[in-house]
Amino acid sequence: MSAAEEAPQTPDETAAIPAEAAVRELRFAYVAGVTPGKWIRRWEERMPDVPLHSFMSDDGTQLSVLRDGSADLSFVRLPVEREGLNVIPLYEEQPVVVAPKGHEISVFEEVALADLDAESFLDVAELGGPEAALQVVASGAGLAILPMSVARHLNVKDTVARKLTGAPTTQIALAWLNEAGRATTREAAADAADRPTDEVIEEFIGIVRGRTAQSSRQPSAKVEPPKKEPKPDRRGTGVKKPKVAQRYAPNPDKGRGKGSRKKGKR
């Protein structure tokens, strides 16, 4: 049978192909305020054979990028609907109050929420998100409460931000589809073979959580390094000379010098 006439692989034979061979890239999304640079650098050091691609999403698409297959993982801002997801909380964000430039809060380093009872606060979600809300703040229509990282990222002109105490904090988490979530989106995926293996996803999770490259929980650390060849014997192959039997009994006084024999009663 020629090569062109070979029978196609059976499902069992296809399953025998290592899953790692199908992995081409790992993709993740992140909301404004998340700075993934350090995780990307560590990934490139540890997993140079698996390209890593990232893109920013807004709060309205932070989960849909997982379900439509655009991303394998997503850095989200809690709370989120957790059905069909694995979610690992990572860290809390410092809230700030943002006011128009020249507002009296600018003379303080931080402000208590209780001291702003007389102020008018904008609903960030109703205005279409943080960027649109900050434009309204700059116009003098009210104040807004945002995570500090978001306010710094957008850095809208004619606004001032100060730390806010007494306000609820927000939290960043890492989310990805669990088995139930993958089952509902498998048919919508363009090519299921392009999905990364669980080991690749676990490697990225470990990097985000601060595990070192030598951690026993990192899949990459479980790969045994190649065994080194034994060092050559440099002692040579010459035959050792046999020891010569001592012909005479050792002299106890030899080497002691004159008068070294102890005197005493016999």
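Student: Which strands does helix H4 lie across?
Tutor: Helix H4 (residues 130-138) lies across S5, S7 and strand S8 (159-165), at about 45 degrees to S5. Contact means heavy atoms within 4.5 Å; helices (H or I, at least four residues) and strands (E, at least two) are DSSP runs numbered from the N terminus. Angles run from 0 to 180 degrees between N-to-C directions, with axes fitted to C-alpha atoms, for helices over the stretch in contact.

Student: What kind of model is this?
Tutor: It's a predicted model, where local features need pLDDT of at least 70, side-chain atom pairs count only at pLDDT 80 or more, and totals for chains, interfaces and linings use all residues. Residues are numbered from 1 along each chain as its sequence is written, and side-chain values use heavy atoms, leaving out hydrogens and water.

Student: OK, the sheet: what's the strand order?
Tutor: S6-S8-S5-S7, an open sheet with mixed pairing. Strands pair if DSSP finds at least two bridges between them. The edge strands are S6 (110-112) and S7 (144-147).

Student: How many bridges join S5 to S7?
Tutor: 4, and the two strands run antiparallel. Val97 has Ile145 in S7 as its bridge partner.

Student: Switching topic, which residues are closest to the centre of the largest pocket?
Tutor: Val124, Ile145, Leu146, Pro147 and Thr170, out of 22 lining residues. A pocket here is an open set of points on a 1 Å grid over the protein atoms alone where a 1.4 Å probe fits, with protein on both sides within 12 Å along at least five of seven lines; lining residues have an atom within 4 Å of a point.

Student: Which strand gives the largest share of that lining?
Tutor: S7, with 3 residues.
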